[in-house]
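Morning, everyone. Let me put the model up, and then we'll walk through it.

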Amino acid sequence: MPETVRITMEHGSGGQATGELIGEIFAPAFRNEVLGQMEDSAVVSGSGRIAVTTDSFVVTPLVFRGGDIGRLCVCGTVNDLLMRGAVPRYLTCGFILEEGLEIELLRRIVRSLAETAAEAGVQIIAGDTKVIEGNGGLIINTTGVGSVPDGLDISAGNAGEGDAVLVSGTMGDHHAAILGERLQIESDIESDCAPLGEIVKGLLDGGIRVRTLRDVTRGGLGTVLKELAEASGKCFIIEEDAVPVSARVRDFCGLLGLDPLYMGNEGKLVAVVPREQAAEALEIMKNARYGSGAAVIGKVAGAGEGTEAGELLMRTQIGGVRRLTVLQGEGLPRIC
Amino acid sequence: MCVAMPGRVLSVGERTALVDFSGNRVQARTGLVKIEPGDNVLVHAGCILQKVSDREMEEMNAVMREMDELL
Amino acid sequence: MNLEEIKQYLKEYNGPELKIMEVCGSHTGAIARNGIPGLVSDRIRLISGPGCPVCVTPSSYIDRLIDLCLTPGVCVVTFGDLMRVPGSRMSLQQASGMGGRVKIVYSPMDVFPMAQREPETTFVFAAVGFETTAPVYALMVEQILEDHIENIRLLTALRTMPGIIDRLCAGGADIQGFLAPGHVAVVTGSKAFEPLAAKYSLPFGVAGFTGEQILTALCGIVKACERAKSGKDGGLVMNFYPSVVTREGNTEAQELVERYFGVSDAVWRGMGMVPASGRLLREEFAALDAGSRDLTEDHKINKACCCDKVLMGKMKPTQCPLFQKVCSPLRPQGACMVSTEGNCYTYYVNHRE
């Protein structure tokens, strides 16, 4: 059997080895005109309002059911652009490779990154590679640039009284997939990491007057909705029965004493839309590739009797009311 | 305290049994109660604590009848 | 009765004020998650008791775990909840950040493959829990002995329910009924609560953990209280979780626990030594013990912390002067604010009042 080829400090020297790594792994995957210029910085066209976001991706394991860090680092950043109504256009990638990383694994991840970028319609226009001491790990930072159509205002504080609250699918899948791998629980759960461009474009092109979009990542739905309630100064009321959670994620949470409302996703969003457009928005989501599990989960209320500004309430299955707050601490598995 | 979940036994090994929880499979430690494939069992911290009675409805109905008579 | 009738009964209850204590931390969490306090009459007050193993573990236990994980050649293995519990100097999470070796697992059995992979490391399992988890540790001890495994130890903080309930009642706690811990009863059987029910003439309702199961048991407890008012015996033990709980419990599990662990006095955080309320590895298995015997010291993080009164049902979390002001899940001043089953944590995150 051929020996596994791994990253060494030499690959970060900036010399011959670095050049070979870029030539063999990155250049073929990311090939495009802008990168092809091989200049110190990328010069691209753009005008009007620009959306910019950056995110660093640290995940163990690097490859998991339903995705890998390459797909993840595109989806995370692209989705953040989309949540302001921006059309994602460019992406930069900074790779921090740990000594000992298998080159074949890196190749696979880079390929996945490139495929996901193509799917999401973004061009990779700049990149960087560094090598640090370590244990075969990999950290990726991506910065995304998008253009925001004139007149569009989608923001966390825009929810208004009477609006409907929708989610684009089941909650907790990504978090459960990762935790399952780490705790070696054999599971059919797959990460949901996906770019949400089709859903957002569908809503906007379909004439939905979208108030707010948020992707449901770390902290889970509970955290996201509580933040939206606070940002808008309204009270969000959701129905426990209406929040989609797959049976397998529900049982996974049951096993570990976790709450699906505080489990992260990487390919789901919350949308706040005018009540009269809720059914139409739901239909658009359901017809999109990553929105088949979409649901209307609740509504936005003003401050009034039994409701306070900035509050998140959930009507429970048995008819009780639960007040929710943001995730506290870390979602650790527990038995007690 | 004491998070525990019901699941279904898929297969039984020497010291463990494979228990399914809607698509999550755990090698749960056996040794506290006799089990066979197909049994519904209660699992706590990776161990099978008890079999789940398949007569739950009947038993619960009996409890409820008793409660009606409690006053 | 069906669920609607039960809800109506509990909502419309108009008798003398009843304080019903749930002793199990999972019940505390489920009551909040289901919004149960709002579904019952104002005259039924639900009080949380000392049923979170993490919350009742004294600080010296955490200190010992921290010393162990910072010892070269030792790795502490634990459930997730214990990570953030403050000892007298720091938490396991902080110790881990200082280079201590701590691993989080789902099952104590996960320690066996670790021990096999690293024979030169001693793995210490943080064996906290009540009657539910004790049989799991007994199986673990059995396997260690059968397979002659040299590098696994247990640091135990095992607690038992009847002893602490007895202490609460004997101490004059103002409680009219108990929501009895369902998964403890799976092991002990509902009969474990019979002597207490008789001694104090109080009803015990063994409950499962769904909203419906809890409401059903509460209804039974309230009815038993009503019955006591009319002169009949209210000291009943009622089993509302018959799918897994029997009167006798799991006798095989009981025997296995008895074989390896003897009954002992135990220190509960904030409450001091409670007779016959814990278990320790028997003398003949003391070689497997990582030093559980002398962990009696209990140090308050903040002098004003009222965890002890909260755990005994004498004070609601919201009545503690520290609650929400200086004590929060991110900066806990007492164990009840750390565990996701802790009284204070549950009140904090669910705004329970």
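First, the ground rules. This is a predicted model: local features need pLDDT of at least 70, side-chain atom pairs count only at pLDDT 80 or more, and totals for chains, interfaces and linings use all residues. Residues are numbered from 1 along each chain as its sequence is written, while chains are lettered from A and ligands numbered from 1 in the order in which they are written.

Chain C has a domain 1, 1–303, and a domain 2, 307–349. Those bounds come from an automatic or database domain assignment. Over C-alpha atoms, the centres of the two domains of chain C are 18 Å apart.

How many residues make the contact between them? Domain 1 of chain C gives 26 and domain 2 of chain C gives 18. Contact here means C-beta atoms, placed from the backbone, within 7 Å.

On the domain 1 side, helix 2 (25–33), strand 2 (44–48) and helix 3 (53–56) of chain C supply at least two residues each. Helices (H or I, at least four residues) and strands (E, at least two) are DSSP runs, numbered from the N terminus. Helix 2 of chain C gives the most, five residues.

Now the neighbour. Chain C puts 39 residues in contact with 26 of chain B. Helix 2 of chain C is among the elements giving two or more residues to this side, and so is helix 7 (134–146) of chain C. The largest share, six residues, comes from helix 11 of chain C, which spans 211–229.

Methods: Two residues are in contact if their C-beta atoms, placed from the backbone, lie within 7 Å.
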